[in-house]
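Visitor: Hi, I'm new to this one. Can you show me around?
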Amino acid sequence: MLGGRLTGILVLITMFFTASCSTAGRVQPESVKQAAGIPKYIFYFIGDGMGMAHVKIADAVLEDDQVLWMTTLPVSGMASTHAENRYITGSAAAGTALATGRKTTIGTIAKNGNHSENLKTIAEMSRDNGMRVGIVSSVSIDHATPACFYAHADNRSMYSDIAVQMASSGFDYFGGGYARADLEDGKPLGKLITIMQDSGYNVIRGWEALGKAVPGQKYWAFENFDGSGALEYAIDRAPDDLTLADFTRNGIRLLDNDQGFFLMVEGGKIDWASHANDAATVAHEVVDFDLAIAEALEFYHEHPAETLIVVTADHECGGLALGYADKAYESDIGLLLSQKLSAQVFAGKVAQWTERKNVSFSMALDSAKVYFGLGNVQLDSALVLTSEEKMALRQAYTASMTGQNVGQKYGEGDPLTVSLTKLLNHKAGIGWTTGKHTALPVPVFAIGQGAREFCGIYDNTDIAKKIIKVAELQP
Ligand SMILES: [Zn+2]
């Protein structure tokens with residue numbers, strides 16, 4: 001993969017002169033002159049909760065000479081994210097802005113702020129333009145961000161109302177997570193599957209079925225999911241589970257046709273790991289999201305004059321900072337590699353210990369060593385646990401064993417899980433200011449036909465407006 005990544009970078013550096021933010025006065029290569037026209041293959045990648053620090057923290061997982069594909073795109077910009085009625089936005093209001101070009105209120109899915117009007121989404125405009133449409137997400141397919149492209153609802157929590165609108169959307173491909181609307185105690189009810197089948201969709205699960213899917217037919221494809229319908233975190237995933245990149249690659253295969261397509265892909269759990277202040281899991285999620293972008297770039301290289309790829313985020317989450325007060329100017333983000341599972345999965349283990357009362361503090365410290373590297377000085381001397389740190393962990397352990405929860409002010413989960421995650425983050429030189437979103441502007445990266453529009457600093461509503469403009473979609 002490394003070789004492919006570097007080769008890709010060289011090709012992209014060559015492409016820099018075709019669409020960068022600073023081409024004024026440069027002699028443009030011949031390929032640019034041939035490239036006039038409108039993009040008919042549109043990719044829209046949304047990293048939920050992904051601020052610039054989240055992009056940078058992927059360094060913890062990448063090899064020294066690797067960079068993220070998204071950061072090699074020749075055009076970059078920045079977007080403000082506020083909602084109509086709140087400075088710090090949420091995924092529904094931000095998703096609506098990204099999908100429709102209009103501001104709305106917190107919690108609203110593709111409707112105006114007072115819910116008197118449905119707002120047409122770029123996915124619907126693309127469908128009405130004769131293009132095929134695909135919606136892919138690593139969280140449940142009726143979650144706020146994907147919903148903003150195919151549904152209209154007063155509130156994101158109206159999962160049943162949202163999910164049935166998949167069936168009436170006429171879109172060609174839904175891929176990734178299951179539907180939260182159709183889950184009871186984490187198990188699928190199957191009602192939505194019937195509704196989708198009655199509307200002409202093939203409902204499929206897993207590798208083999210997705211590989212056999214045939215272009216021209218409609219699909220809802222999903223994979224092993226957690227209790228909320230989301231795919232597992234990249235850090236926790238089984239080796240043969242379908243990934244966001246797999247759903248993207250197959251989406252491209254199913255959607256590709258002469259009339260063009262629109263494909264939205266959301267990396268939804270970057271946000272979830274950030275709510276949990278779980279930096280290692282964030283780093284793995286960002287790389288996983290980036291590998292989906294690599295699939296689009298491969299398609300771009302086959303159709304450079306007809307393809308537009310836009311990568312952005314709906315908002316920042318966690319107030320992630322690549323510096324921590326106790327470390328002064330020191331940082332060691334590579335320490336994050338010593339974490340072997342998400343804080344969420346570890347919290348599940350701690351919940352079992354609490355219930356069974358069968359794990360002592362020293363056993364808990366053994367687990368801290370295995371799953372977070374903490375105390376494993378053979379791995380790295382920086383992972384040593386001081387007596388103060390052990391004392392703080394003992395207090396957290398006792399609190400967890402008595403069923404206490406830290407709430408969501410800083411991180412999420414039981415005190416021991418939060419303390420271990422935080423301790424590793426701090427040793428790595430990473431800080432968080434909140435367990436919620438922030439108003440920090442988000443990055444925008446673009447390549448391809450019309451990409452130059454995305455230079456500069458603008459509002460999140462402008463991203464959708466720019467796509468509508470360059471693709472000549474009818475609002
Ligand atoms: Zn969030």
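This is a predicted model: local features need pLDDT of at least 70, side-chain atom pairs count only at pLDDT 80 or more; totals for chains, interfaces and linings use all residues.

Visitor: Okay, which protein donors does the zinc ion have?
Guide: Asp 271 gives two OD atoms, while His 275 and His 437 each give NE2. They lie 2.0 to 2.6 Å from the zinc ion.

Visitor: And what spacing do the donors follow along the chain?
Guide: The spacing reads D-x3-H-x161-H. Asp 271 is in helix H11 and His 437 in strand S12, 166 residues apart, so that pair links distant parts of the chain.

Visitor: Are Asp 271 and His 437 buried or exposed?
Guide: Both Asp 271 and His 437 are buried.

Visitor: Why is the arrangement around the zinc irregular?
Guide: Because the 4 donor atoms subtend angles of 55 to 143°. To count as tetrahedral, all angles would have to lie between 85 and 135 degrees.

Visitor: Switching topic: what does helix H16 reach from its first C-alpha to its last?
Guide: H16 covers residues 415-428, and its 14 residues reach 20 Å, close to the 20 Å expected.

Visitor: How many of its residues are buried?
Guide: In H16, 11 of the 14 are buried, including Leu 416, Leu 420 and Leu 423.

Visitor: What covers them?
Guide: The cover includes helices H12, H13, H14 and H15.

Visitor: What's going on at the start of H16?
Guide: There, a side-chain oxygen of Asp 414 reaches to within 3.0 Å of the backbone nitrogen of Leu 416.

Visitor: And what follows H16?
Guide: Gly 429 does, with a positive phi near 85°.

How values were computed. Residues are numbered from 1 along each chain as its sequence is written. Side-chain values use heavy atoms; hydrogens and water are left out. Donors are N, O and S atoms within 2.8 Å of the metal (3.2 Å for Na, K and Ca); water is not among the atoms, so sites may look incomplete. Four donors count as tetrahedral if all angles lie between 85 and 135 degrees; four count as square planar and six as octahedral if opposite donors are over 155 degrees apart and all others between 65 and 115; anything else is irregular. Helices (H or I, at least four residues) and strands (E, at least two) are DSSP runs, numbered from the N terminus. Buried means under 20% relative accessible area, exposed over 50%, partly exposed in between (1.4 Å probe, protein chains only). The expected span of a helix is 1.5 Å times one less than its number of residues. Contact means heavy atoms within 4.5 Å. A polar contact is a pair of N or O atoms within 3.5 Å; within protein, one must be able to donate a hydrogen and the other to accept it, and residues adjacent in sequence count only if both atoms are side-chain atoms.
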